[in-house]
Amino acid sequence: GGALPPWLFRLVNNLGVYFIFFGIGYLALRHVRNRPAPEPSDRDFLPTLVRFLFFGPGVTQLPTNDDGTSAYSSVTKEVETSLFRRAAKLCFCVTGLLTSFLSWGLLQERVMTTEYTTGRFQSSNFMVFCSRSVGLIVALLVINFTQQKTLKAPFYKYSFTSLSNVLSSWCQLEALKYLSFPTQVLGKSSKMIPVMIMGKVISKKKYPWYEYIVAVVILFGVAVFILAENSDKANNSEQQTTMAGLFLLIGYLTFDSFTSQWQGHLFDDYDMSSYQMMVGVNSFSAFLTLLSLLQTGELLSSIDFVLANPLCAQHIAGFAVCGATGSMFIFYTIKNFGPLVFTMIMVTRQLVAIILSCIFYGHHIDAGGIGGAVIVFAAIGYRIYRKESDKRKKKQEQKQNELSQITQQSELKVEKQ
């Protein structure tokens, strides 16, 4: 690593590998786009591959509506079910999400912080590779055994969100070498700020004033928590370690905020299913991390470590399976109950994850840290309340407008008579 800190050297190395891959991809895209698109009737291997990667299967030009929006956008209708069935579904979602992600978090911390027989496991890339590979297999199985929408997106479109997804996952795992798990979990609550910035830049979104206030309050609460935890670290090396963890946490927040915004773009433009998204993103993610593992030699060293430490192999396998299962529960919950219910469940999960991490791994949180956590969760709770109340107000206004229109129409009919 030379003069660079180890984590920064590994990050620069990963970025170098990804830059070469995307550079080759860009040149290939320019070359292909300067030529006519292969006809869907041409079933030879190379034209089919070019069409799949760069134009979309069987699509040469994206159809649009009169207003310029994608013609692939669709509106799904929710089927009303009985109260009992919805309650049972909700319990299923809550249980699935909490079990999957609490186990995922505990296993993540276990792998990155445990002293196994031959030492600590070091490769964050290998963890991401295993997680994305299992996620890819699960998504392919679901698609194979269920009816899916026709895939229309050019496959290369998944690579951008995949790159940010890989980098955010790597930063998240690498940060555990420098920050405690409770600090990382609470720090993730600051994701609102980069998400709002990316939303304004990429999607030109507008946010109400209280969103900005909540974002600042959450950031303040996180700062209080981190400063309280860091106050007992007297020597400089420990504080420098914390600074490295904070840089990695900021990297995670930035990359992850781009991931969600770009995925939203793909969903809007191509009307794909969640499992098609999983296949596209996980395919590129597994390939990118494999390239990095091969380039650094971490693949063989990680396999050797796992073979020498069967317990570590069990932990990594559990981590990967929990991550894939959790992803499926995310999609199922949002589809059936919407993003608000999902957000409330995940906020509960964050709180429980901090408590469990303190119990299992002996993290100590003093009064200042508890105060910071209370500030963060209170701000998140207020945001959920405001968003729900705003939705109710909009529905009431819509109903009032509809009633007034009906009243005006009936009055006009009476006047004509």
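Is R120 buried, exposed or partly exposed? R120 counts as partly exposed, because its relative accessibility is 37%. Here, buried means under 20% relative accessible area, exposed means over 50%, and partly exposed is in between, using a 1.4 Å probe and protein chains only.

Before going on, a word on where this comes from. This is a predicted model, so local features need pLDDT of at least 70 and side-chain atom pairs count only at pLDDT 80 or more, while totals for chains, interfaces and linings use all residues. Residues are numbered from 1 along each chain as its sequence is written, and side-chain values use heavy atoms, with hydrogens and water left out.

**The overall layout**

The chain has 13 helices and 0 strands. Both kinds of element are DSSP runs numbered from the N terminus: helices are H or I with at least four residues, strands are E with at least two. Of the chain's 417 residues, 42% count as buried.

Take helix α1 (residues 6-33): its 28 residues reach 40 Å from the first C-alpha to the last, close to the 40 Å expected at 1.5 Å a residue. That expected span is 1.5 Å times one less than the number of residues. Among the buried residues of α1 are W7, L11 and V32. Helix α10 (residues 274-296) has 23 residues that should span 33 Å, and its end C-alpha atoms are 33 Å apart, which agrees.

What comes after α10? G297 does, and its phi is positive, near 80°. D271 sits in the loop between α9 (236-270) and α10. Phi of D271 is near 50°, a positive value in a residue other than glycine. Most residues other than glycine have a negative phi. With 13% relative accessibility, D271 counts as buried.

**Charged pairs**

Side chains of opposite charge can pair when their charged atoms come close. A salt bridge here is a side-chain nitrogen of Lys or Arg within 4 Å of a carboxyl oxygen of Asp or Glu. Searching the whole structure turns up 4 of them, including these:

| Pair | Closest N and O atoms |
|---|---|
| E115 and R120 | 3.3 Å |
| K177 and E174 | 3.2 Å |
| R383 and E211 | 2.7 Å |

R383 lies in helix α13 and E211 in helix α8, so this pair ties together parts that are 172 residues apart in sequence. R383 is partly exposed at 21% relative accessibility, whereas E211 is buried, with a relative accessible area of 4%. Salt bridges that share partners also join R10, E174 and K177 into one network. K177 and E174 are both buried, but E115 is exposed, at 57% relative accessible area.

**Patches on the surface**

Patches are made of residues with over 30% relative accessible area and no salt bridge; like charges are joined within 9 Å, and nonpolar side chains (Val, Leu, Ile, Met, Phe, Trp, Tyr) within 5 Å. W209, I213, V217, Y382 and Y385 make a nonpolar patch of about 540 Å². Helices α8 (209-230) and α13 each supply at least two of its residues, and α8 gives the largest share, 3 residues. V217, in helix α8, is partly exposed with a relative accessible area of 31%.

There is a positive patch too, formed by K205, K387, K391, K395 and K399. K387 lies in helix α13 (residues 367-416) and is partly exposed, at 36% relative accessible area.

Conventions:
Accessible areas come from the Shrake-Rupley method with a 1.4 Å probe; for residues, only the protein chains shown count as cover. Lys and Arg count as positive and Asp and Glu as negative; His and the chain ends are not counted. The place of a charge is taken as NZ of Lys, CZ of Arg, CG of Asp or CD of Glu.
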